[in-house]
Amino acid sequence: MELKALGLSNWFRDRIRGTMLEDYQLARISAVDKESYIIIGVSGECRAELTGKIMYAAGSPIDYPTVGDWVYVQYFDENTFAVIHEIVPRRTLLKRKTPGKAVDIQLIAANIDTALIVQSLDSNFNLQRLERYLVVARESSILPVILLSKSDLVSEGHINARLKEISKRLPDVIVVSFSNLSGDMSEIREMLIEGETFCLLGSSGVGKTTLLNNLLGEETYETRTVREKDDKGRHTTARRQLTILDNGAIIIDTPGMRELGAFDVEAGIESTFTGIAELSRSCRFTDCSHTQETGCSVLSALEDGRIERKQYENYIKMVRESRHYSMSYHEKRKKDKDFGKMVRTVKKIKDNKIK
Ligand SMILES: Nc1nc2c(ncn2[C@@H]2O[C@H](COP(=O)(O)OP(=O)(O)OP(=O)(O)O)[C@@H](O)[C@H]2O)c(=O)[nH]1
Ligand SMILES: [Mg+2]
Ligand SMILES: [Zn+2]
């Protein structure tokens, strides 16, 4: 398998250091388990581990490889095991806040060209959540595409109403409705371009893995069985996994997400809530919070119905969340650093005393 077929485009070639290739080979992370990695390279797939140096130097989760990353590796035991030495610069990076209370970054996938955001047309459909996924994808300059699954469960009228809602609220996004039961995947297949990397995102149970199996033409990966259908808490896909389709497109499947906490997503918000962003430029105050100021163009547009209340509320929520998380994160990082400094100083004093 050639590296180009694994997605190594010129963007990466321009950033690869020739001297590194004297000692190392290039490979791509194809799966991440709890602590170990699977990589794929010219000689196929194998298990890989990080060097102590990467772990020691890592200051945050961003410094660890994630699925989709290109890495410099050294192979051992006839290419059945490898050690990862360094991450090649990332073209794009999908990340979120770790679920739960802790404020930390969690990487979803790296070097994604297109995010396939899947929502099912039954109870899972939610415009606010779609908006959130779009923000996160666009923050990293990833092209978002919305895939509405399970069209077999609803009427044509229902589908058309949903499509209308989306085009009103989220113009400029490609939307495709489909059913995994119909077998007709042609519209989706046409989007899947050779050598580009796609990432399936969405809640658990919307049919991401079923779609992937359909595209592969075989039941390669486990999907939720009928018996387990009511078992809402369970994720069927347990790890993030990269797969190459027959047509050469690269797809990463991910476990369903319950929360997509937005971290540092100001640019993504600007490019998703374009109407509000444009209005805000004519607010009286440049630091207008659009919540109570007189002369706020956003509020007046809200009052006369030019923007939807739900969209406005989602916008305010995401702006606050993004600021709040990045502030707490940077404070925490600074505290950790200061603590490290203090430990080193105490140690120095002690060492000097002993001498
Ligand atoms: N009616 C209908 N059922 C579907 C469709 N796509 C998937 N399903 C069913 O929905 C259930 C969940 O599908 P999965 O593919 O496992 O869902 P997933 O998004 O991969 O879920 P996680 O791996 O938990 O994130 C399975 O029972 C599928 O058979 C569809 O288009 N129509
Ligand atoms: Mg799955
Ligand atoms: Zn304002």
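**Entry 1: around H7**

I began at Gly217, which comes just after H7 and takes a positive phi of about 80 degrees. Helices here are DSSP runs of H or I with at least four residues, strands are runs of E with at least two, and both are numbered from the N terminus. I note that this is a predicted model, in which local features need pLDDT of at least 70, side-chain atom pairs count only at pLDDT 80 or more, and totals for chains, interfaces and linings use all residues. Residues are numbered from 1 along each chain as its sequence is written, while chains are lettered from A and ligands numbered from 1 in the order in which they are written.

I then checked how covered H7 is: seven of its nine residues are buried. A residue is buried if 20 or more other C-beta atoms lie within 10 Å of its own, exposed if 12 or fewer, and partly exposed in between, with C-beta atoms placed from the backbone. The buried residues are Lys208, Thr209, Thr210, Leu211, Leu212, Asn214 and Leu215.

**Entry 2: ligand 1**

H7 also gives the largest share of the shell around ligand 1, three residues. I found 22 residues around this ligand, and Asn180, Gly207, Thr209, Thr237 and Gly256 come nearest. A residue is near if its C-beta atom, placed from the backbone, lies within 6 Å of the molecule. By class the shell has four nonpolar, 13 polar and five charged residues. Nonpolar means Ala, Val, Leu, Ile, Met, Phe, Trp, Tyr, Cys and Pro, charged means Asp, Glu, Lys and Arg, and the others, Gly among them, are polar.

**Entry 3: H4 and H5**

Which of these helices is mostly covered, and which is hardly covered? In H4, 10 of the 13 residues are buried, including Leu130, Tyr133, Leu134 and Val135. In H5, one of the 14 residues is buried. I checked both lengths at 1.5 Å times one less than the number of residues. H4 (residues 127-139) should span 18 Å and its end C-alpha atoms are 18 Å apart, so the two agree. H5 (residues 156-169) should span 20 Å, and its ends are 20 Å apart, which also agrees. Ser141 follows H4 and has a positive phi near 60 degrees.

**Entry 4: the core**

The largest nonpolar core holds 67 residues, with Ile39, Leu116, Ile117 and Cys199 having the most contacts inside it. H4 supplies the largest share of this core, six residues. Such a core is a set of buried Ala, Val, Leu, Ile, Met, Phe, Trp, Tyr and Cys residues joined through C-beta atoms within 7 Å. Leaving out residues up to four places away in sequence, I saw that Leu116 touches Val145, Leu147, Phe198, Cys199, Leu200 and Leu201.

Most residues other than glycine have a negative phi. Asn79 has a positive one, about 65 degrees, and Asn111 has one near 60 degrees. Asn79 sits in the loop between E4 and E5 and is partly exposed because it has 14 C-beta neighbours inside 10 Å. Asn111 lies in the loop between E7 and E8 and has 28 such neighbours, so it counts as buried.

**Entry 5: the whole chain**

I counted 11 helices and 13 strands in the protein chain. Buried residues make up 32% of the chain.

Technical notes: Two residues are in contact if their C-beta atoms, placed from the backbone, lie within 7 Å.
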